[in-house]
Amino acid sequence: MTARMPSLPGDLTRLGFSDPRRADTLLRDRSLAPLIKDRERVESDGLAVSLSRVADPDQALLALVRLLDAVAAPAHDAFRDDLVAALREPGRARDRLLAVLGSSTALGDHLVARPEHWTSVAEAFPLEVEERIELLTGAVREPAAGVTPEDALRLEYRRQLLGIAALDVARPDPQARLPEVAASLADLAEAALEAALVVARAQVGDAADRCRFAVIGMGKTGGRELNYISDVDVIFVAEPAEGTDGADEDAALAVATDLATRLIRICSSATTAGSLWQVDPALRPEGKNGPLVRTLDSHVSYYERWAKTWEFQALLKARPVAGDRALGRAYVEAVAPFVWQAAGRENFVEDVQAMRRRVEDNVPAGEADRQLKLGPGGLRDIEFSVQLLQLVHGRADRSLRSGTTLTALAALSQGGYVGREDAQTLATAYRLLRTLEHRIQLHRLRRTHLMPTSSSDLRCLGRALGHQRDPEEAVVSQWRTAAREVRRLHQRIFYRPLLSAVARLGPDEVRLTPEAARERLAALGFRDPKGALRHLEALTDGVSRRAAIQRQLLPVMLGWFADEADPDAGLLAFRRISDELGTTPWFLRLLRDEGSAAERLAHTLGRSRYAAELLEQGPESVQFLGDSGGLRPRTRDEVQGRMRAAAKRKDEPQPAVLAARAVRRSELFRLAVASLLGQVGLDELGRALADLNGALVDVTLEVVLANVEEQSGKPPLSRHVVVGMGRLGGGESSFGSDADVLFVHDPVEGADSRAAQEQALEVVKELIRLLGVAAPDPRLEVDAGLRPEGKNGPLTRSLESYRAYYERWSLVWEAQALLRAAPVAGDPDLGAAFVELIDPLRWPEGGLDAKQVREIRTLKARMESERLPRGADRKTHFKLGHGGLSDVEWTIQLIQLQHAHDHEALRTTSTMGALEAARAAGFVDAEDAVALEEAWRLASQMRNAGLLSRGRAVDSVPSDHKDADGMARIMGLPPKSGQELANRYRRVARRARHAAEKTFYEA
């Protein structure tokens, strides 16, 4: 197939030329005539089309003309025809030559100056490092006539660089070849160092035999991931030659220093034949202030005593690259233990993190937004993340001990230290960023890590990465997207709290062998080390990814479990939850990666049986622990919305209510953890628990009424409202609180009152049944014992029935009970009508008469004597004991009944709100108010702490020290503070009892 030769600017524009007029002129240059068979017609894959496939067609075309002009000289007769033939015919040779010319002006200039090197491009093939060393050392040992060994090194280096570049830029997917290219560049640098050392030894002469001398590659050279243009980081080590006296050490070091100095000069200086790169020995002990060369013992001594954290991080990539290889290997073997013990240094992780921040802070402000290497989302983010994980976990896992970033990242993923998707994202981004870096450096063979800004350079860069449409915008977008992902993962991985915790463990603790684990469990205070060890073995046994991640988590989590009162129960609960969720992809990833999730979980399970049981019943709630806002109490509207949505997904009433109860269970877990971690106070917790229970009652009532309408085909005969009483009505619920309620209904217009009463009773019974059905979540016990006539009265009454009862039969204790009445579910208008009905009873005009006051005091005395459980201690019972909750509440309620009609601030359902109002109005002395408040709050906190700790209600200060210690830990006290807490309660309760007697009994 043939096509008209592109000759018009429009044709060349479509082929990708940015200056089509100049390209048209150059294509007609006489030097290209041998490449074009027919000036009018050429093959569809002819020269112009081949040029259109390279990064910069204009640059490649100009360089091609210059190259053909250069080979026209008689000196190049020997290979001119072969070069022209290679360029005339489509194929690998032409594609490689054009790709190199279109990617690098520097290499194009070299080919123009040394056109005989064209075969290194056209016939390039991969070389092993030994082959490169042989070629380079051979070149310096037998340089061509008139060429110095130093120039011979440069020429052979550039010839091999041409071959590496040809294999790199002529492939369609440069990112896939990145590791191979970077390794070849490192191998070429290694060969150049070896050849430079040959030259240096020749210059020093026989004196060079007095020492053994090795060059240790560091940084990207050591990791076999070098750039096209980069400093070559090295460390020099020397020893007296074998057979010499040890006293000759100083002389050997002097010779070695001479060799090192010459080697640096040979590689770093520029000559007419070009340059290589700077040799940088700044990573040596003491940096630029230290001796250039040290003996092996001197290195070891320095690392034992003086080295800083960053120096061990740098040694991670150390490998022998030139000189005495046996000495080089000895050096690496000697320093390796320092590398893999470095994570145990005090503040190791924090030091590495601080160093990364310093590197970032030192990037010039004008460059930060263009940095591929040092800026946010750059290569250093990936490298530091990988190296920190290696250093922390590589102590116990030898598979992580690679100096090559991508190899190490793959090992981290394989071992479960980084999620598969995260590792793939980082690896892809690393390949992209390094490829961008390579293409930018290759263009002019200059050391830079900045994205270009000019349109032409960005266009060339985009085309080099395969973007044919809008290459400028496409490459920038691709880079910025990768940088954002890198930064996100770096922030999550690099600052992972688990890393600091693992780093603080000793070597035996990290490895968690059975023997080490058994000893550590006993030392940590596990009461049943054998049982705990069985749990560990079950969680970590095998080669699965799940077991691998557990082996990372458990050495640290054991310490967190041991910080709590019951580490055995914590570990057991963790095993149960892991068995339930272990195959769920997000569970272990959450614990490993997300914030403080693992630590929060360990402390929660070791501190609270209640929270552990909630989590075992609904293990998906563990996700709250990884969310920065996951422990914030949700509003009633949020919770009720979730409950309502869950219920609507079910067709029958019981499954619908159970779905809503499951939402309550997850919210109870959220509140339990927030309370355990001190992120929610007593008042906020009480309100949240009351809202949570009220929301469930409301949604259950909706479900029941909807079912009534569905079954009967008619709307319900009444409106309904549920009135919260006690702590529910006061917004002061605890974890163990029942739902004290009154049920009120109001027949709709035209409804038969008897039928409405019967239906309302069935509605209430069904509501109570559904809330009490046995299920994998805590039931909400509904108690309607405070209704008129108590347990002998109907469960529900109409509003008018309540009105009639209160007008004729109401007793003073019922008025007292109504002080904390507040609608919590149902029809809001009916709730408001009920409140309007009861306000005159609970805020009675004129207060109480003497008889009513005596009646209340008598009731209080009877309650203390009759309702206190048998065997309970009056000094320590939270509710009915001296100075307990009832002392405080009855005292405040008496003041409300007596004075609320005149003092609006007393008209509140909140106990603490009413106490503050009573103090402000002078009905309670300030000192007594403090005593009453402290007692009420302490008893409420201890009841919550007791239930959280033991998983069941605790009514008194526990006599068992273990239980008391568990409560104390939940309340933020130091370990083994249970007795101190008990003594504190007795002191506080005594003061509150005195204040109650003074105010309530006027004693």
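The model is predicted, so local features need pLDDT of at least 70 and side-chain atom pairs count only at pLDDT 80 or more, while totals for chains, interfaces and linings use all residues. Residues are numbered from 1 along each chain as its sequence is written, and side-chain values use heavy atoms, with hydrogens and water left out.

**Cores**

A nonpolar core is a set of buried Ala, Val, Leu, Ile, Met, Phe, Trp, Tyr and Cys residues joined through side-chain atoms within 4.5 Å. Buried means under 20% relative accessible area, exposed over 50%, and partly exposed in between (1.4 Å probe, protein chains only). The largest such core here has 140 residues, and Phe574, Leu591, Leu605, Met643 and Phe735 have the most contacts inside it. Helix α34 (residues 682-712) gives the largest share of this core, 15 residues. Helices (H or I, at least four residues) and strands (E, at least two) are DSSP runs, numbered from the N terminus.

Contact means heavy atoms within 4.5 Å. Not counting residues up to four places away in sequence, Phe574 touches Leu539, Gln550, Leu554, Met557, Phe561, Phe587, Leu591, Leu601 and Leu605.

**A helix pair**

The axes of helix α17 (residues 348-361) and helix α18 (residues 379-393) come within 11 Å and cross at roughly 170 degrees. That makes α17 roughly antiparallel to α18. Axes are lines fitted to C-alpha atoms, for helices over the stretch in contact, and angles run from 0 to 180 degrees between N-to-C directions. Angles under 35 degrees count as roughly parallel, over 145 as roughly antiparallel, 65 to 115 as roughly perpendicular and the rest as oblique. Among the contact residues are Phe348 and Glu360 of α17 and Arg380 and Leu391 of α18.

**Arg439**

Arg439 belongs to helix α20 (residues 420-444). Arg439 is buried, with a relative accessible area of 7%. Leaving aside neighbours within four places in sequence, Arg439 contacts Asp168, Val169, Pro174, Leu461, Ala464 and Leu465.

**Strand β8**

Six of the seven residues of strand β8 (residues 718-724) are buried. The table gives its pairings; two strands pair if DSSP finds at least two bridges between them.

| Partner of β8 | Sense and bridges |
|---|---|
| β9 (residues 739-747) | antiparallel, seven bridges |
| β12 (residues 822-826) | antiparallel, four bridges |

Val721 stands opposite Val744 in β9, and Val722 has Ala825 of β12 as its bridge partner.
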